[in-house]
Amino acid sequence: MKVLFVAAECAPYAKVGGLADVVWALSKALRELSVETAIFIPKYRGVEDNIELAEAGELSIAMGGGPCHCRILKGTRPKGGPIYFLDYPPYFDRAGIYGERGEAYPDSLERFALLSRAALELPGAVGFAPDIFHIHDWHTSLVPAYLRFRGFPRSAKILLTIHNLAHQGIYPLERAVALGLPDEGISAITYRGKLNLLYGGIKFADLVTTVSPSYAREIQENGEGLEEILRERAAKGELVGILNGIDYDVWDPKTDPLIWANYSADDPSGKAANKAELQKALGLSPEPKVPLVGMISRLVDQKGFDLVMEAFERMMSLGIQFVLLGTGDPEYEEFFARATRRYPGRAAALITFSEEWAHRIEAACDIFLMPSKFEPCGLNQMYSLRYGAVPVVRATGGLRDTVREYDPRSDTGNGFVFEEYRAEAMLAALKRAVGLYRRDPEAWVRIMVRGMREDHSWAASAREYLRLYEKLSGSERSGEGGTSGR
Ligand code: GLC
């Protein structure tokens with residue numbers, strides 16, 4: 001089984017959010033199941049600093065605006081198999097991935113259309129002929145439309161994974177000429193009078209998955225305008241929710257080289273040293289018994305920052321220490337820079353993107369706060385479980401599927417959960433957590449250790465993806481899928 005992942009991001013070469021982690025870790029986990037995976041992403045500026053690149057081919061691709069001459073570069077990582085990079089400097093040799101200084105690049109339609117179109121030419125150029133194109137999010141959602149309307153042989157199947165329905169790639173119809181699709185193809189991906197790339201992907205992919213079972217259910221009710229087509233696919237069993245895993249090669253406090261002291265579920269005592277070091281590094285007072293609450297997140301509406309802003313004073317009045325790491329919306333960046341300055345020694349904000357600090361904060365914190373408005377899967381709550389930072393989350397999407405409320409009677413649960421998207425509900429959950437932390441340290445350690453022992457590795461989820469790949473390529477063998485090139 002050969003699978004080509006086509007995506008806008010792949011960790012650690014190009015990362016904005018969880019998409020990058022998933023592309024990397026899932027493709028690796030599949031290789032452990034003997035699936036031959038390869039990855040195809042753009043060659044953004046700076047990629048060459050992290051991986052050795054070799055020329056692997058050239059492509060001349062006829063887009064609406066004329067031919068684009070691209071190079072294909074290839075890199076290889078020990079456990080990961082080949083990564084192909086689409087090198088087209090006018091589109092990708094820029095400071096950002098999607099934009100700069102809060103401004104999205106205006107030509108991302110053309111940029112990612114080129115990537116999608118190139119994905120179909122890649123097999124010919126580099127000699128890797130996939131059974132499955134596994135595409136991710138709107139950026140690569142044009143792959144099935146190109147396959148269908150540009151006369152490529154239908155020898156491969158397409159699986160689309162939706163990581164976030166909030167981003168659909170919606171553009172005015174006037175831009176369609178750039179795509180180099182026939183009229184029939186353009187109208188097929190037009191939705192409510194606009195080009196909608198994700199809509200086209202959902203419509204024409206052979207199978208659609210999303211990143212948690214709860215999110216797969218939720219988006220049929222509230223699917224950002226796409227619920228109808230999502231329900232249609234779900235009714236035919238063609239919309240499947242598979243929970244993401246996390247990469248324990250990278251995220252394991254027992255071996256993590258980025259944290260101050262290693263520790264494990266068998267002996268979590270090293271957590272205290274990480275807390276002390278973080279407090280020292282960020283100028284928080286050195287108090288081992290004050291609950292340290294952390295947040296690591298892109299600073300965007302989805303993540304529930306309006307609740308945190310509304311409740312910030314009341315959160316701090318619970319007597320906690322607070323640390324935040326993230327960048328994003330300038331409004332939130334300014335709020336946290338200002339708000340934390342009002343609590344010297346008790347609150348700190350790192351307005352930046354840093355893998356290293358992310359690991360350190362997970363290792364140091366007692367509590368991890370994730371009050372998302374919606375959350376397709378969420379990875380940080382799983383990192384937190386592994387690192388013994390007890391999660392306080394809103395019950396939505398993947399958060400609902402991974403965090404269970406602590407029940408003192410049965411002594412079960414791995415965190416604290418609230419339902420309603422309101423500051424009061426979030427505060428109440430945080431209060432339950434902080435209260436227990438102070439009142440019953442032994443129960444606290446039991447919750448922590450329970451979370452640390454859970455298995456959120458990719459192994460089980462990768463097997464589910466493999467099952468879907470097999471189902472897809474099997475249906476081809478039985479002749480349902482048109483002409484086979486092999
Ligand atoms: C997106 C979603 C997040 C998910 C990630 C990886 O960033 O917002 O919930 O975990 O993709 O699938």
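Helices (H or I, at least four residues) and strands (E, at least two) are DSSP runs, numbered from the N terminus. The views below show a predicted model, in which local features need pLDDT of at least 70, side-chain atom pairs count only at pLDDT 80 or more, and totals for chains, interfaces and linings use all residues. Residues are numbered from 1 along each chain as its sequence is written, and side-chain values use heavy atoms, with hydrogens and water left out.

View A. The elements giving two or more residues to the lining are α9 (271-282), α15 and α16 (441-453), and α9 supplies the largest share, five residues. By class, the lining holds eleven nonpolar, two polar and six charged residues. Here Ala, Val, Leu, Ile, Met, Phe, Trp, Tyr, Cys and Pro count as nonpolar, Asp, Glu, Lys and Arg as charged, and the others, Gly among them, as polar.

**View B. Helix α9 against helix α12.** The axes of α9 and α12 (residues 355-364) come within 7 Å and cross at roughly 125 degrees. Axes are lines fitted to C-alpha atoms, for helices over the stretch in contact, and angles run from 0 to 180 degrees between N-to-C directions. The two helices, α9 and α12, are therefore oblique to each other; angles under 35 degrees count as roughly parallel, over 145 as roughly antiparallel, 65 to 115 as roughly perpendicular and the rest as oblique. The crossing of α9 and α12 is left-handed, a term used if the near helix is turned anticlockwise from the far one by less than a right angle, with right-handed used if clockwise. In contact (heavy atoms within 4.5 Å) are Lys271, Asn274, Lys275, Leu278, Ala281 and Leu282 of α9 and Trp357, Arg360, Ile361, Glu362, Ala363 and Ala364 of α12. This contact has seven nonpolar, one polar and four charged residues.

**View C. Helix α10 against helix α15.** Helices α10 (residues 305-316) and α15 (residues 423-439) cross at roughly 45 degrees, and their axes come within 9 Å. That angle makes α10 oblique to α15. The crossing of α10 and α15 is right-handed. Leu307, Val308, Glu310, Ala311, Arg314 and Met315 of α10 meet Ala423, Glu424, Met426, Leu427 and Leu430 of α15. Eight nonpolar, no polar and three charged residues make up this contact.

**View D. Helix α6 against helix α8.** The axes of α6 (residues 197-204) and α8 (residues 227-235) lie 10 Å apart, at an angle of about 15 degrees. That makes α6 roughly parallel to α8, and their crossing is left-handed. Tyr199, Ile202, Lys203 and Phe204 represent α6 in the contact, with Ile229, Leu230 and Arg233 from α8.

View E. The peptide bond from Ala11 to Pro12 is cis, with omega near 0 degrees. Pro12 is in the loop between β1 (2-6) and α1 (18-32). Ser34, in the loop between α1 and β2 (36-42), has a positive phi near 70 degrees.
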